[in-house]
Every structure is written in C-alpha cells, then in structure tokens.
Amino acid sequence: MQIAIDGPASSGKSTVAKIVATKLGFIYVDTGAMYRVATVLTQKLGLDYSDEQGILAALKQADIQFKPDQAGQKVFLDNEDITLMIRTPEITNNVSQVSALAGVRTEMVARQRKIAAQGQVVMDGRDIGTTVLPTAEVKIFMVASAQERAKRRYAENTAKGIMTPLATLQAEIELRDQKDSTRVVSPLKKADDAIEIDTTQLTINEVVEAILVIVKQNM
Ligand code: CDP
Ligand code: CDP
C-alpha cells in the first residue's frame, strides 16, 4: 500500500505522516527534506539558486543519506549532519526556487520512486498524489488556514529560540505556497482522487485517526 500526503507548508503533513507510518510499520519519506538538501548543497557550493545544470551536476555527485533517529530522522550530506541546517530560514526561503527547476524535480522524483519500490510507504510533499505516486491507494490533501499554520510555525520556532515575528512567518508561508502552486512543473495541487482534510481545528491525534480510518477502508 502507498499513502500520499500533500498540502501547503505547515499544514501538519510530516508530523502526521511520521505517526501514521510508525503505527502501520510503513517506510516514511519526507520529500520536502530532499528539496531542502538540494538547497543546502546549492548554498554550500555558492551556486545560484536558479543554476539548474550546476545544481543537477552537484546532486548527482552528492552522497545524501536519511537515517532514522529517535527524534525523527537525521540528514547527511557527504557524511556531514545537516539535519538542523535544512530548516534554517535561509534554506526555507529559497527552497521553492530550487524545487521549481525541472531537472531537479526529475532527479528527486526518480529517487522517491526508488524508495517507494522498497516497501509500503507514507510519503509527504506537494506532488506525491499527482506525480510521484499517482496510483497510491490513499491520497490525502491536508490544508489549514494560513493564520493557523503561521501560529504552528511560530510555536515551533519559539521552542528552538528563533524569534521571527508571527506576521513575517505568515507572509513567508503564503509566498512559498504561492510559488509552489504556480510553478510550471508539478505544482502543489490536490489530486482529483485525494481526500481533503482541513486540520485548522484538529489536533495531531484527530488527523492521525482520520487518516487511519481512510487507510482501513482501502485495505
Ligand atoms: O515543512 P514545510 O511544509 O515547510 O516544507 P517541506 O515539506 O519541507 O518542503 C519544502 C519545500 O520543498 C516546499 O515549499 C516546496 O518548494 C518543495 N517541495 C516540493 O516542491 N515538492 C515536494 N514533493 C516536497 C517539497
Ligand atoms: O510538514 P508540514 O510542513 O505540513 O507541517 P508539520 O511540520 O508537520 O507541522 C507544523 C507544526 O504544526 C508542527 O509543530 C506540528 O506539531 C503542528 N501541528 C499542530 O499543531 N496541529 C496539527 N493538527 C498538525 C500539526
């Protein structure tokens, strides 16, 4: 079975996908983290965020590893732990530019499908139900108001000691959604056969339970 979870930034995809995967014993794949790694690589090499050929060549050489960890997963680029680096504001604010490059997407989608071929998966991102796993048995499109999503990111940041104002976070989230939804290749879009869940008023547990019910109906 394949479970595809898509939706805009901070709608709760990765938190919920991780729990659902653990409960079902499935592999969890965070595709956003893969685009974030490509963005870190671009920054480290001093390449322009629009340099498609340069980024693609670097990606093909790079050793990228995701290792399960108590707190989720650790991310390594050429043996360097970049788990924290992929979530910095610099990377978050430039990832949409890198992820819009057609060549980068082709490379990432191939890697994602290879992982999915290894077993049952829960994969979250923007184009999983539409492009990466179009025949997934369960497709969820998770949404929440921009205000609520900014509040969640704010709480997360405060816990880490990052003090970006709430209004700035909301503006950044809306800008990223707009870029992700309007790009030419595989834009963020609900698949026709996806079930939409609005998480604005729901707890993490309530969303997990709602998805497990849908999974059982499709088993
Ligand atoms: O966690 P958050 O919602 O902030 O973002 P993410 O899931 O880590 O994804 C970061 C960025 O990667 C998104 O804003 C998209 O630009 C890109 N992305 C994508 O294009 N396609 C995917 N399947 C997953 C992420
Ligand atoms: O992966 P995505 O960017 O869609 O969102 P996330 O990183 O899973 O969730 C963003 C934040 O919202 C996390 O701190 C979650 O704990 C929180 N969250 C929540 O408060 N209520 C939910 N129903 C879902 C997520």
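This is a predicted model: local features need pLDDT of at least 70, side-chain atom pairs count only at pLDDT 80 or more; totals for chains, interfaces and linings use all residues.
1. Ligand 1, neighbours. The shell around ligand 1 holds 20 residues, and those that come nearest are Arg36, Arg105, Asp127, Arg176 and Asp180. By class, the shell divides into 10 charged, six polar and four nonpolar residues.

2. Ligand 1, polar contacts. Oxygen atoms of ligand 1 take part in several pairs. A polar side-chain atom of Arg126 is 3.1 Å from an oxygen of ligand 1, and a polar side-chain atom of Ser96 is 3.3 Å from an oxygen of the ligand. With Ser10 the pair involves a polar backbone atom, at 3.3 Å from a ligand 1 oxygen. On its own, ligand 1 has 530 Å² of accessible area, and the protein covers 97% of this.

3. Ligand 1, secondary structure. At least two shell residues come from each of helix 2 (31–44), helix 5 (95–99) and helix 9 (166–182). Helix 2 contributes the most, with four residues.

4. Ligand 2, neighbours. Around ligand 2 there are 15 residues, of which Ser10, Lys13, Ser14, Thr15 and Glu156 are the closest. This shell divides into six polar, five nonpolar and four charged residues.

5. Ligand 2, polar contacts. The side chain of Lys13 places a polar atom 2.7 Å from an oxygen of ligand 2. A side-chain N or O atom of Ser14 is likewise 2.7 Å from an oxygen of ligand 2. Leu202 uses a backbone N or O atom, 3.0 Å from a nitrogen of ligand 2. Of the 540 Å² of accessible area that ligand 2 has on its own, the protein covers 81%. Helix 1, helix 8 (146–160) and helix 10 (204–217) are the elements giving two or more residues to the ligand 2 shell.

6. Record annotation. An unreviewed UniProt entry lists Gly7, Pro8, Ala9, Ser10, Ser11, Gly12, Lys13, Ser14 and Thr15 under "binding site".

7. Gly7. This residue sits in the loop between strand 1 (2–6) and helix 1 (13–24). Gly7 counts as buried because its relative accessibility is 0%, under the 20% cut-off. Beyond four places in sequence, Gly7 contacts Lys13, Gly125, Arg126, Phe141, Met142 and Leu188.

8. Ser10. The loop between strand 1 and helix 1 also holds Ser10. Its relative accessibility is 11%, so Ser10 counts as buried. Leaving aside neighbours within four places in sequence, Ser10 is in contact with Arg149, Arg152, Arg153 and Ile173.

Note on methods:
Residues are numbered from 1 along each chain as its sequence is written. Chains are lettered from A and ligands numbered from 1 in the order in which they are written. Side-chain values use heavy atoms; hydrogens and water are left out. A residue is near a molecule or strand if one of its heavy atoms lies within 4 Å of it. A polar contact is a pair of N or O atoms within 3.5 Å; within protein, one must be able to donate a hydrogen and the other to accept it, and residues adjacent in sequence count only if both atoms are side-chain atoms. Accessible areas come from the Shrake-Rupley method with a 1.4 Å probe; for residues, only the protein chains shown count as cover. Ala, Val, Leu, Ile, Met, Phe, Trp, Tyr, Cys and Pro count as nonpolar, Asp, Glu, Lys and Arg as charged, and the others, Gly among them, as polar. UniProt positions are given in the numbering used here, feature names are shortened, and annotations may be inferred rather than shown by experiment. Buried means under 20% relative accessible area, exposed over 50%, partly exposed in between (1.4 Å probe, protein chains only). Contact means heavy atoms within 4.5 Å.
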